[in-house]
Amino acid sequence: NIITVLFGLYILFIFVSSIMGDNFYHSFWSNNERSEGIFLLIHLFLFLIVLIGFLKSFKKWLYAFEILFFSTISVSVIALLQYFGVERIFESSGGARLASTIGNAGYLAGFLIFGIFLGIFLLFSRKNIYLKIYYLIFIALEIFIVLQTLTRGGILAFAFTIFLFILYLLFFYYRKKYFKTIGILFIILAILVPILLFSYKDSSIVQNNSILNRISSISLETKTAQTRLMTWQSAYQGFLNRPLFGWGYENFYQVFDKYFNPKIYEDTGSIIWFDRAHNIIFDRLITGGLIGLFLYLSLLLMPIYYLWKYFYKKKGKNKNKFYLSKKTNNHYFIPVVFTLIIIAYFIQNLFIFDAIVIYVPLILVLGFVGKYSPFKINWQLLEKRKIRGILFTFAFLFFLLTLYPLHIKPIQANLNLTIAINDENLTVEQRLNMFEEIFATNTPGVQECRRQLFEYFEKLTESNYQDEQVLNRFMQILDRELSQQIEDNPYKVSYYLVKMRFNNLVFNMSNSLDRLERNFELFEKAQKLSPSRQQVYFEAGYSYLYLGNYLKSEDTTDKAIKYQEKSVELFEYAFKLNDANFESSRQLINSLIFAEKNERIIEVLNLLDKKNIRYDKINFFTQIINSGVKAENYEIIKIIAEKLIEIDPENSQYRIQLALAYAHLGNNQKAIESALELVKIDSSFKEQAEKFIEGVRNGIYRK
């Protein structure tokens with residue numbers, strides 16, 4: 001029918017679009033986190049074929065909806081346990097926002113909206129009073145859980161569609177006049193409630209209620225909204241670049257990197273890696289261009305059109321087995337309910353994106369709606385037993401041949417990865433051996449394995465692990481695998497950054513200069529892919545900084561200054577991309593310390609104050625002093641120590657730093673005065689101060 005035709009055309013076009021894109025392998029397989037490539041679309045298409053072929057009658061579809069409704073009940077009950085703090089089964093990964101077994105509050109809301117409307121559909125379809133009570137109880141529970149997810153998009157989608165459904169019941173389903181009066185009052189109430197909510201959003205009633213507070217905080221000025229708008233802006237620029245065919249499935253990250261808005265990056269906690277536009281329109285425009293979006297919207301809307309057309313033509317002719325009731329007053333009940341499901345799905349997906357937990361009920365709904373479309377073909381050839389036997393044999397052989405490489409092998413690799421990451425009983429060497437075995441499988445999950453190995457290696461080096469033989473083996477494997485990662489997908493900036501970070505780490509362990517040289521080449525490639533992403537300049541900036549510091553320690557001052565200047569240049573560029581970003585300021589100041597550009601440091605600090613950028617001054621100023629000690633930049637230590645004393649005059653450590661800075665700068669009088677001032681504040685330092693003063697007079701601290 002129309003559903004299989006449109007879905008088949010959509011997959012076929014996405015296949016072509018992805019071949020024309022830059023990385024078909026990623027488009028087909030996706031990654032471990034999403035697992036949403038063309039491979040999944042094919043499975044969903046086959047699932048649709050099975051549904052349409054197997055569920056032949058209205059009664060069987062009701063059974064299918066019962067199963068889905070029961071699954072939403074199960075998920076809701078676990079969410080309810082999370083709400084009451086019973087976390088022995090599953091702790092909510094969303095914290096106060098319930099996530100149940102799904103693990104994401106937004107997806108939980110979307111999944112339960114399907115459950116609520118299918119529960120309503122079953123409530124009106126069944127005559128048994130006990131079943132009706134069962135539906136009512138759990139529909140109420142699911143509504144409660146949707147609200148407790150605190151997902152704005154989900155709550156808005158549900159509120160709007162349930163509002164339309166209640167209007168339908170009051171004005172069209174029930175024919176008595178007093179229901180219409182109730183309907184008018186309901187409309188007035190529905191208008192007044194949001195107005196009052198936003199008018200009194202600062203009141204204690206709204207502020208103390210998590211649901212009301214969450215809804216009333218909807219604003220284009222919030223950080224989440226601003227991030228969404230900037231992401232959509234990047235998506236729009238990507239669409240203009242490839243308007244007809246798009247970039248290929250799962251390739252939004254390329255667009256986001258290329259048109260990255262540096263204002264997204266506010267601090268170290270900012271989410272700066274997006275592989276989705278968080279908007280159904282832009283996501284489809286990027287993956288398939290205008291043609292892909294048209295096919296996807298057709299898949300959602302054309303079946304609804306034929307559903308309404310079917311019921312319009314069948315009015316008063318209730319003979320079809322897919323008809324709900326012979327009563328004329330609920331003639332349009334089926335098209336109303338299923339239209340509202342699609343509307344709710346669409347509204348929520350204006351702010352989030354699909355996942356398999358949403359795809360499965362969507363395909364179920366579309367499969368049912370497709371039963372009302374007129375595009376039915378009788379494949380008489382397939383009715384012949386011989387033909388069906390041959391096709392079954394081929395299908396069974398294909399299943400057997402692909403079962404291990406496409407399913408069992410990746411599952412084994414992923415299971416081994418979870419063991420390699422989480423098993424505390426494994427030694428470092430055993431863990432590394434497991435990673436090596438996973439790499440040998442060459443499954444799509446290997447890309448995740450590479451990232452996990454690098455993160456483990458970072459933690460290992462931070463823990464001062466001493467076995468050089470094992471560390472060298474780690475470095476050899478990571479060098480090979482991270483290089484292979486870039487070769488497999490040369491369009492993903494994060495892969496370049498991981499390799500650059502690895503090279504910087506290895507240099508700091510071994511002083512291997514060729515690591516830094518490699519980073520300069522990687523930087524040029526990454527910069528072309530994402531010219532406005534600050535992290536690209538940070539990583540390259542540190543490579544130049546490390547090289548400058550190394551040459552300075554080798555007494556090649558001229559070359560050292562050259563590379564330190566280059567480091568400052570890169571950090572300055574990153575800073576200018578978004579000078580309201582504290583992290584960019586911090587990174588720039590760190591490079592300026594080693595280049596001894598102290599006046600510029602003060603300018604940046606003043607700019608932070610001017611822009612009212614919040615940061616932990618004491619902690620940050622302490623970091624500057626620590627970097628100043630490494631760089632032997634005693635002038636900046638003096639300046640920052642004085643600022644710290646202004647903040648906390650009684651702190652003895654700040655006065656010690658100030659006295660030492662004066663001593664190293666050769667200002668003996670100020671050094672001695674600072675030491676004596678310290679003794680006045682804390683007499684326990686008297687003996688140390690006397691020794692220090694003696695050392696100052698003997699010139700042992702002079703730079």
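A salt bridge is a side-chain nitrogen of Lys or Arg within 4 Å of a carboxyl oxygen of Asp or Glu. The legends below apply this term to a predicted model.

**Figure 1. Overview of the predicted protein, whose secondary structure consists of 30 helices and zero strands.** The C-alpha trace spans about 110 × 65 × 50 Å along its principal axes. Of the 703 residues, 50% count as buried. Among contacts with a separation of 6 or more, 68% are made by residues 24 or more positions apart. The accessible surface comes to about 35800 Å², and carbon and sulfur atoms account for 59% of this area.

**Figure 2. Close-up of the salt bridge between glutamate 36 and arginine 276.** The side chains meet with an N to O distance of 3.8 Å, a value that lies within the 4 Å cut-off. The pair links distant parts of the chain, as the two residues are 240 residues apart. Glutamate 36 is found in the loop between helix H2 (24-29) and helix H3 (38-54), whereas arginine 276 is found in the loop between helix H12 (252-258) and helix H13 (280-313). Both glutamate 36 and arginine 276 are buried. These two residues also belong to a network of salt bridges that links Glu33, Arg34, Glu36, Glu250, Asp275 and Arg276.

**Figure 3. Close-up of the salt bridge between glutamate 66 and arginine 126.** Here the N to O distance is 3.1 Å. Glutamate 66 and arginine 126 are both buried.

**Figure 4. Close-up of the salt bridge between arginine 451 and glutamate 455.** The side chains of this pair meet at 2.7 Å, N to O. Both residues lie in helix H18 (residues 446-462), where they are four residues apart, about one turn of the helix. Arginine 451 has a relative accessibility of 36% and therefore counts as partly exposed. Glutamate 455, with a relative accessible area of 29%, is likewise partly exposed, because this category covers values between the limits of 20% for buried and 50% for exposed residues.

How values were computed. Residues numbered from 1 in each chain as written. Predicted model: local features only at pLDDT ≥ 70, side-chain atom pairs only at ≥ 80, totals over all residues. Heavy atoms only, no water. Buried < 20%, exposed > 50% of the residue type's maximum accessible area, 1.4 Å probe, protein only. Contact = heavy atoms within 4.5 Å. Areas by Shrake-Rupley, 256 points an atom, 1.4 Å probe, with all protein chains shown as cover.
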